[in-house]
Structures are given as C-alpha cells and as structure tokens.
Amino acid sequence: MSMEVTVAVPFRQHGTDRLGEGEFVVALSLDREWFSPDQAKRLIDIAAGRGLVERDGGDLVAQFSPGGVEVPEGFKPDESVLQSQSTFERLLSEIVADGVEKQEAVAGVNRLQRDLGVTIEAAAVLYARRRGVDVGGLAAEVRRGLVEG
C-alpha cells in the first residue's frame, strides 16, 4: 500500500498520469526530500517491476489511477519501499494485512501448493481468494508469469 501511495504522490503533484523520469525523481528527492536521487531511481525500477508504472521512452506512465489513491495527511514513506519483495512475499503481506496470522497463512499456502501441484505464488493467490482477500493486481501478475513461463 505505501508503495502505491509513494508512487502516486509525484503524479498527483503534477496532476497527471504521465511524468518524465527526471520529474518523478525531482518530485521525490528535491521537492519532498523523501529519497536521494539514486533511491528515487531505484523506486522507479521497483514500481515498474510491480506493474505500477510503465516506461515509455523517457516517461513514466502510471498503470493505476494516481488521483484515486488516498494520501494520508503527513504521509512519508519509509525506506522499506525500496526493498524489492518477491511476488509471494507481497501476496503474503496482503493476506497478513487482512488479519490472517502469518504462520497460518504460510501453512495454508504450502498445503495448497502441495495438494494442487502449483507454484507457491498461484497457491497464495488461491488461498487469498478463498479468504476473501483482494489481490487482484498480484493475481494478474501471477497469471502473466504462468502464461509466459
């Protein structure tokens, strides 16, 4: 969640869903003083890897509605957004954020993986859906990985 909020801020600041990479870096490093320029560039790589932005020439195009993202008063991201997480780790985080104990979630996902003979990510998506946890974007990412892989 904080990744999406962090990425949304520069787009919201400029009132657009398309920004030059340099503008994005300036918004996060100089305007907000949240990250160094190198860290802001790393954030772009992570956000692109997660499908939040797409590179188009020298521009970044938001793959979500930045205006629809609520930015809490006084929001400031912590440096954990700069840590790249695997798809499974992100799925697990969503499940745990919905109130499921981490150990219970891991055990349930492992059981599904073993019983169904699917990838750990596919099992996590299925586990989340069975628990009513919305992992739509991550589910699409897992689906793409299965089709391409």
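Asp-45 and Arg-55 join their side chains in a salt bridge, with N and O 2.5 Å apart; the term denotes a side-chain nitrogen of Lys or Arg within 4 Å of a carboxyl oxygen of Asp or Glu. Because Asp-45 belongs to helix α3 (residues 37-49) and Arg-55 to strand β2 (residues 53-56), the pair ties together parts that are 10 residues apart in sequence. Helices (H or I, at least four residues) and strands (E, at least two) are DSSP runs, numbered from the N terminus.

Asp-45 is partly exposed at 41% relative accessibility, and Arg-55 is likewise partly exposed, at 38%. Buried stands for under 20% relative accessible area, exposed for over 50%, and partly exposed for values in between (1.4 Å probe, protein chains only).

## Basis of the model

The model is predicted: local features need pLDDT of at least 70 and side-chain atom pairs count only at pLDDT 80 or more, while totals for chains, interfaces and linings use all residues. Residues are numbered from 1 along each chain as its sequence is written, and side-chain values use heavy atoms, with hydrogens and water left out.

## Further salt bridges

Seven salt bridges are found in a search of the whole structure. One of them pairs Glu-141 with Arg-90 through their side chains (2.5 Å, N to O). This pair links distant parts of the chain, 51 residues apart, with Glu-141 in helix α7 (residues 136-148) and Arg-90 in helix α4 (residues 87-97). Glu-141 is buried at 15% relative accessibility, and Arg-90 is buried at 9%.

Arg-131 and Glu-104 form a salt bridge whose closest N and O atoms are 3.0 Å apart. Arg-131 lies in the loop between α6 (120-130) and α7, and Glu-104 in helix α5 (residues 102-116), so the pair ties together parts 27 residues apart in sequence. Arg-131 is partly exposed at 40% relative accessible area, as is Glu-104 at 38% relative accessibility. A network of salt bridges links Arg-18, Asp-56 and Asp-59.

## Helix α7

Helix α7 has 13 residues and spans 18 Å from its first C-alpha to its last, close to the expected 18 Å at 1.5 Å a residue; the expected span is 1.5 Å times one less than the number of residues.

The buried residues of α7 are Leu-138, Ala-139, Glu-141 and Val-142. They lie on the same side of α7, because they cover an arc of only 160 degrees around the axis, the arc being that of the directions from the helix axis to the C-beta atoms. These buried residues pack against α4 and α6, where contact means heavy atoms within 4.5 Å. The exposed residues Gly-137, Val-147 and Glu-148 are carried on the face of α7 turned away from its buried side.
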